[in-house]
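Dear colleague,

Please find below the structure that I am handing over to you.

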Amino acid sequence: MTGESSAQGKLEHGGCLCGRVRYALRVDEISGTGYCHCRACQRSAGAPVLAWLTLPVAGFAYIKGRPAQYLSSKAYMREFCVDCGTQIAFRGVDPEPTLDVTIASLDEPALVQPNKHIWCESRIGWFETADDLPRHAHGGG
Ligand SMILES: [Zn+2]
Ligand SMILES: [Zn+2]
């Protein structure tokens with residue numbers, strides 16, 4: 001088990017492929033999850049889909065190294081390891097109450113399951129998942 005219990009809730013850890021950037025987050029504070037099929041997620045990951053979790057900004061902290069950031073749209077930045085390229089987080093340029101974190105960068109990614117699909121209008125035809133989760137053509141949910 002990698003989890004720790006504390007007065008502030010259960011902590012889970014994650015990080016990039018090379019280990020330069022590490023983070024901790026409070027799983028009890030996760031407010032949403034999902035697969036995003038938008039083109040920006042596909043291109044930024046070089047993958048057919050990205051699975052995200054959403055939680056309050058205060059429930060997430062980098063504990064080793066710092067990521068680089070770039071604007072992937074006018075209002076949002078993506079954070080990634082400059083050495084290995086792993087995409088870790090997505091947050092507003094103007095401070096917002098929540099941020100998104102890539103589920104697959106967790107040490108124990110199976111702990112957090114996506115609960116919806118968004119931006120299905122750009123889902124790649126050969127990529128299909130066997131589930132009955134809600135599917136939104138755009139941002140939805
Ligand atoms: Zn790295
Ligand atoms: Zn997306």
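Leu53 has Val101 in strand S9 as its bridge partner. The two strands concerned, S4 and S9 (residues 98-102), pair in the antiparallel sense over five bridges; strands count as paired if DSSP finds at least two bridges between them. Helices (H or I, at least four residues) and strands (E, at least two) are DSSP runs, numbered from the N terminus.

Please note that this is a predicted model, in which local features need pLDDT of at least 70 and side-chain atom pairs count only at pLDDT 80 or more, while totals for chains, interfaces and linings use all residues. Residues are numbered from 1 along each chain as its sequence is written, and chains are lettered from A and ligands numbered from 1 in the order in which they are written.

Strand S4 also pairs with strand S3 (residues 32-36), again in the antiparallel sense and over five bridges. Here Trp52 of S4 is the bridge partner of Gly34. Of the seven residues of S4 (residues 50-56), five are buried, so this strand is largely enclosed by the rest of the structure. A residue is called buried if 20 or more other C-beta atoms lie within 10 Å of its own, exposed if 12 or fewer, and partly exposed in between, with C-beta atoms placed from the backbone.

These strands belong to an open sheet of seven, with mixed pairing and the order S6-S7-S8-S9-S4-S3-S10. Strands S6 (68-71) and S10 (117-118) stand at its edges with a single partner strand each, so one side of each has no neighbour in the sheet. In general, the strands of a sheet pair through backbone hydrogen bonds, either parallel or antiparallel.

At the S6 end, four bridges join S6 to S7, and the two run antiparallel. A hairpin connects them through four residues, and Leu71 stands opposite Met77 in S7. Strand S7 (residues 76-80) in turn pairs with strand S8 (residues 87-92) in the antiparallel sense over five bridges, with Phe80 opposite Gln87 of S8.

Which residues have the most contacts inside the largest nonpolar core? They are Cys36, Trp52, Ile88 and Val101, in a core of 27 residues. Such a core is a set of buried Ala, Val, Leu, Ile, Met, Phe, Trp, Tyr and Cys residues joined through C-beta atoms within 7 Å. Two or more residues each come from strand S2 (22-26), S3, S4, S8 and S9, and the largest share, five residues, is that of S4. Leaving aside residues up to four places away in sequence, Val101 touches Leu25, Trp52, Leu53, Phe60, Ile88 and Ala89; contact requires C-beta atoms, placed from the backbone, within 7 Å.

As for the chain as a whole, one helix and ten strands are present, in the order β-β-β-α-β-β-β-β-β-β-β from the N terminus on. The radius of gyration, taken over C-alpha atoms, is 15 Å, close to the 14 Å given for 141 residues by the globule rule (2.2 Å times the number of residues to the power 0.38), so the chain is as compact as a globular protein of that length. Of the 141 residues, 30% count as buried.

Finally, Asp132 lies in the segment after S10. Asp132 is exposed, with 5 other C-beta atoms within 10 Å.

With kind regards

Conventions: Contact = placed C-beta atoms within 7 Å.
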